Amino acid sequence: MTEDRDLKEVMCTSYPATIVNGKQKDDRDALDIKVYKRRWLMLGLFILYTATTAFQWIQYSIITNIVSRYYNVSSLAVDMTSMAFMGYYVIFAIPATYVIDRWGLRWSNIIGCGIGCLGSWIKVLSVSPDRFYVTFIGQSLVAIIQSLVLILPGRLAAQWFHSNEVSTATSLSLFGNQLGIALSFLCTPMIVKNHENLDDISDNLAHLFWGVAIIISIAFLLIILLFEDDPKLPPSTTRALQKINQKEESFIEPMKRLFKNKYYLSLCNTYGLNVGVLNAVATLLNQIYLAHFENGEEDAGRIGLAMIIMGLLGSVSFGIILDKTHKYKETTVIVYFLSLLGQIFFAVFTCLEMKWMVYLSAIFLGYFMAGYVALGYEICAEYTYPESEGLAAGILNVTNNVYGIVLVLIFGKLLETHGDIPVHIGLCVVLLVGLIMTVMTKDVQRRQDAKKGAEYKVVNQSDKKSGAN
């Protein structure tokens with residue numbers, strides 16, 4: 001009831017009028033909107049640099065056995081390079097949200113891409129068996145900026161795209177992140193081979209690090225030259241209402257409202273469990289696969305690639321479905337159930353050592369589980385409107401990273417001591433718990449309700465003016 005009352009207050013108090021330069025504007029003036037063509041340029045630039053940073057998340061874990069031997073470190077130390085992306089996010093998510101709210105999209109992206117560029121060049125200096133600490137420093141800098149990258153998709157979509165395109169734009173914003181992970185799964189095992197001679201591995205790592213550093217440097221330059229902040233006019237009535245309500249509000253008040261929003265808190269846990277499992281599968285994929293298929297580094301990479309590529313297709317298709325149908329609860333439940341089913345298939349066929357079926361099950365799993373990531377952002381926007389998408393998404397991603405770290409540590413230890421079967425069972429149980437919680441959560445569409453209310457008021461007032469004339 002509290003959430004519903006807050007939404008009604010937003011629609012009733014912020015809509016009627018606003019003051020600009022000492023003059024009161026009427027309703028439609030306050031909600032002037034325009035969709036700019038250059039929104040696609042902003043989206044393209046964001047995809048480019050997020051792909052380059054996301055590439056580095058799984059860069060070491062997908063060749064765990066090679067990295068472990070080259071740097072003479074444990075598999076847990078290699079897993080830490082992946083978990084760093086989750087751990088630093090938990091630490092820096094709230095400060096990053098503050099930066100985005102205060103400095104806007106342009107400077108947030110410049111800072112993020114700049115730090116990622118610096119970290120990538122530091123990793124170029126880490127090509128030596130005694131410099132694991134150097135590569136971890138570089139990886140840490142790249143990991144830190146994920147606290148910006150993972151918050152921005154919903155914010156970018158809301159600030160530049162019309163409400164009928166928001167779900168699709170959010171999915172495409174996440175495209176860069178998933179594309180980078182997919183390319184890492186594919187390219188890293190192809191570039192870095194399991195040579196007997198460590199000098200040959202050094203050459204392979206140098207090629208990998210130099211290539212990434214050069215690409216992200218180009219992206220950094222383009223961000224500086226071309227990326228813009230908010231458009232002059234908002235692209236939708238929902239964004240216009242949101243901007244009016246967020247004026248002169250402290251950073252603390254929205255956080256208090258979010259933590260009182262029971263639907264949002266439920267989503268944090270269901271989303272966290274699903275994406276946490278995805279993070280655990282990606283991090284441990286090399287070790288799980290090699291437990292059944294010897295010398296399967298490249299196969300493990302191709303399986304990860306298949307999962308993420310299908311996740312890209314899933315993200316975009318689910319975004320289109322939501323834009324067309326607005327069936328948020330039904331779509332989420334179906335996707336969550338099929339994620340669980342895909343995880344079961346993947347576990348069974350991996351244990352049976354049926355390679356071609358492992359590929360097929362990974363394709364099925366990736367389409368729904370990786371595709372669910374974009375779906376979660378859209379559900380978050382519906383549950384929390386008119387709060388800032390950056391703040392809501394920031395806290396949402398804290399939970400999935402916390403779950404990801406916990407699951408990687410638990411299942412990594414299980415994998416080392418008891419093999420992969422308990423790991424598969426545990427992952428399926430986690431998804432089952434998340435599915436049950438998703439089914440039990442109420443269908444709430446606050447953003448859609450606000451849009452309908454705004455449209456109704458404009459039409460109603462237009463009818464009154466016509467009658468008066």
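Predicted model: local features only at pLDDT ≥ 70, side-chain atom pairs only at ≥ 80, totals over all residues.
## Helices α3 and α9

Helix α3, which covers residues 39–54, packs against α9 at an angle of about 30°, and the two axes are 6 Å apart. Angles under 35 degrees count as roughly parallel, and α3 is therefore roughly parallel to α9. The crossing of this pair is right-handed.

On the α3 side, the contact involves Trp40, Leu43, Phe46, Ile47, Thr50, Ala51 and Ala54. These residues meet a set in α9 that includes Ala169, Leu172, Phe175, Gly176, Asn177 and Ile181. By class, the contact of α3 with α9 has 10 nonpolar residues, 5 polar residues and no charged ones.

## Helices α4 and α10

Helix α4 spans residues 64–71 and helix α10 spans residues 198–226. They pack at an angle of about 115°, with 11 Å between their axes. The crossing in which α4 passes α10 is left-handed.

From α4, the residues in the contact are Ile66, Arg69, Tyr70 and Tyr71. From α10, they are Leu198, Ile201, Ser202, Leu205 and Phe209. The residues of this contact of α4 with α10 comprise 7 nonpolar, 1 polar and 1 charged.

## Helices α13 and α16

Helix α13 runs over residues 262–290 and helix α16 over residues 355–369. Their axes come within 12 Å and cross at roughly 160°. Angles over 145 degrees count as roughly antiparallel, so α13 and α16 are roughly antiparallel to each other. Here α13 passes α16 in a left-handed crossing.

Asn274, Val277, Leu278 and Tyr289 of α13 make this contact with Lys355, Val358 and Met369 of α16. Of the residues in the contact of α13 with α16, 5 are nonpolar, 1 is polar and 1 is charged.

## The largest cavity

The model contains 7 cavities of 30 Å³ or more. The largest cavity holds about 340 Å³ of space. Its lining consists of 21 residues, and those nearest the centre of the cavity are Trp57, Leu150, Asn177, Ile181 and Asn279.

Which elements give two or more residues to the lining of the largest cavity? They are α5 (75–124), α9 (166–191), α13, α17 (372–384) and α18 (389–418). The lining of the largest cavity has 14 nonpolar residues, 7 polar residues and no charged ones.

## The second largest cavity

The second largest cavity contains about 110 Å³ of space. It is lined by 14 residues, and Lys329, Thr332, Ile379, Tyr383 and Thr438 are the closest to its centre. The elements that contribute two or more residues to this lining are α13, α15 (328–351) and α17.

How do the residues of this lining divide by class, and how many of them are charged? The lining of the second largest cavity has 5 nonpolar, 5 polar and 4 charged residues. The lining of the largest cavity, by contrast, has no charged residues. Helix α13 gives two or more residues to the lining of the largest cavity and also to that of the second largest cavity, and α13 makes the contact with α16 described above.

How values were computed
Residues numbered from 1 in each chain as written. Heavy atoms only, no water. Axes fitted to C-alpha atoms, helices over the stretch in contact; angles between N-to-C directions. Helix = DSSP H or I, 4+ residues; strand = E, 2+ residues; numbered from the N terminus. Parallel < 35°, antiparallel > 145°, perpendicular 65-115°, else oblique. Left-handed = near helix turned anticlockwise from the far one by under 90°. Contact = heavy atoms within 4.5 Å. Nonpolar A, V, L, I, M, F, W, Y, C, P; charged D, E, K, R; others polar. 1 Å grid on protein atoms, 1.4 Å probe; cavity = no way out; pocket = protein on both sides within 12 Å on 5 of 7 lines; lining within 4 Å. Points joined across faces, edges and corners; volume = space filled by probe spheres on them.
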